[in-house]
Amino acid sequence: MPDTSQQLEERSKRRSLTFWLSAWLPVAVGIIVLAFESTELMGSENTSHPLRWLFEHLFGPVSPARWDLIHHLIRKSGHFVGYGLVGLTWLRAWWMSLPHSRFLHAFLALLGTALVASADEWHQTFLPDRTGSLWDVLLDCSGAIVLQLVVYLFMRIFRPKRLAHTDDY
């Protein structure tokens, strides 16, 4: 049976600072990491050399033209995975903070990811060696959606009882 609003309010009052930190600190840390990665220091010109060095030590020499493509793919994969992981921190925080709902947590997690991605790209338009891109925002949101679906499928297959109570809402 669903909790009444009074029961939810009482439970919310009893939650400690430790609870709220455990729910929301990962989101804050993820956003801070993304903000750092949005600086000129982490621009394409500054990441190419160290990533190429690592790549060539693992896989051998690569031509400049081939490296440009590989570097681009590494950076875009970083967008997809990084924002996907931040999307999961949003999902976890909402899951811990709100009454369980079938889609609300996923929607709020995607919204949070989209807002952070949009702010990140907007910030980059002010940096001389960076550019903001709507395509990157879409890629970031795609990462959040895909990782949420992976977690959902994992939970549906391996932890169905954990999700079963959300079907009532």
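User: Which residue forms a salt bridge with Glu56, and how far apart are the closest N and O atoms?

Analyst: Glu56 pairs with Arg52, with the closest N and O atoms 3.1 Å apart; a salt bridge here is a side-chain nitrogen of Lys or Arg within 4 Å of a carboxyl oxygen of Asp or Glu. This is a predicted model, in which local features need pLDDT of at least 70 and side-chain atom pairs count only at pLDDT 80 or more, while totals for chains, interfaces and linings use all residues. Residues are numbered from 1 along each chain as its sequence is written, and side-chain values use heavy atoms, with hydrogens and water left out.

User: Where do Glu56 and Arg52 lie?

Analyst: Both are in helix 3, 4 residues apart, or about one turn of the helix; helices are DSSP runs of H or I with at least four residues, numbered from the N terminus. Glu56 counts as partly exposed at 28% relative accessibility, and Arg52 is partly exposed at 23%, where buried means under 20% relative accessible area, exposed over 50%, and partly exposed in between (1.4 Å probe, protein chains only).

User: How many salt bridges does the structure hold?

Analyst: The structure holds 2 salt bridges, and one of them joins Asp136 to Lys76, with the closest N and O atoms 2.7 Å apart. Asp136 lies in helix 6 and Lys76 in helix 4, so this pair ties together parts that are 60 residues apart in sequence.

User: Is Asp136 buried or exposed?

Analyst: Asp136 is buried, with a relative accessible area of 8%, whereas Lys76 counts as partly exposed at 26%.

User: Switching to pockets, how much space lies in the largest pocket?

Analyst: About 640 Å³ lies in the largest pocket, the volume being the space filled by probe spheres set on grid points that are joined across faces, edges and corners. On a 1 Å grid over the protein atoms alone, a pocket is an open set of points where a 1.4 Å probe fits, with protein on both sides within 12 Å along at least five of seven lines, and lining residues have an atom within 4 Å of a point.

User: Which residues lie nearest its centre?

Analyst: Of the 22 lining residues, Leu91, Trp95, Val151, Tyr152 and Leu163 lie nearest the centre of the largest pocket, and helix 6 gives the most to that lining, with 7 residues.

User: What volume does the second largest pocket have?

Analyst: The second largest pocket has a volume of about 400 Å³, and the largest share of its lining, 8 residues, comes from helix 4.

Technical notes: Helices (H or I, at least four residues) and strands (E, at least two) are DSSP runs, numbered from the N terminus.
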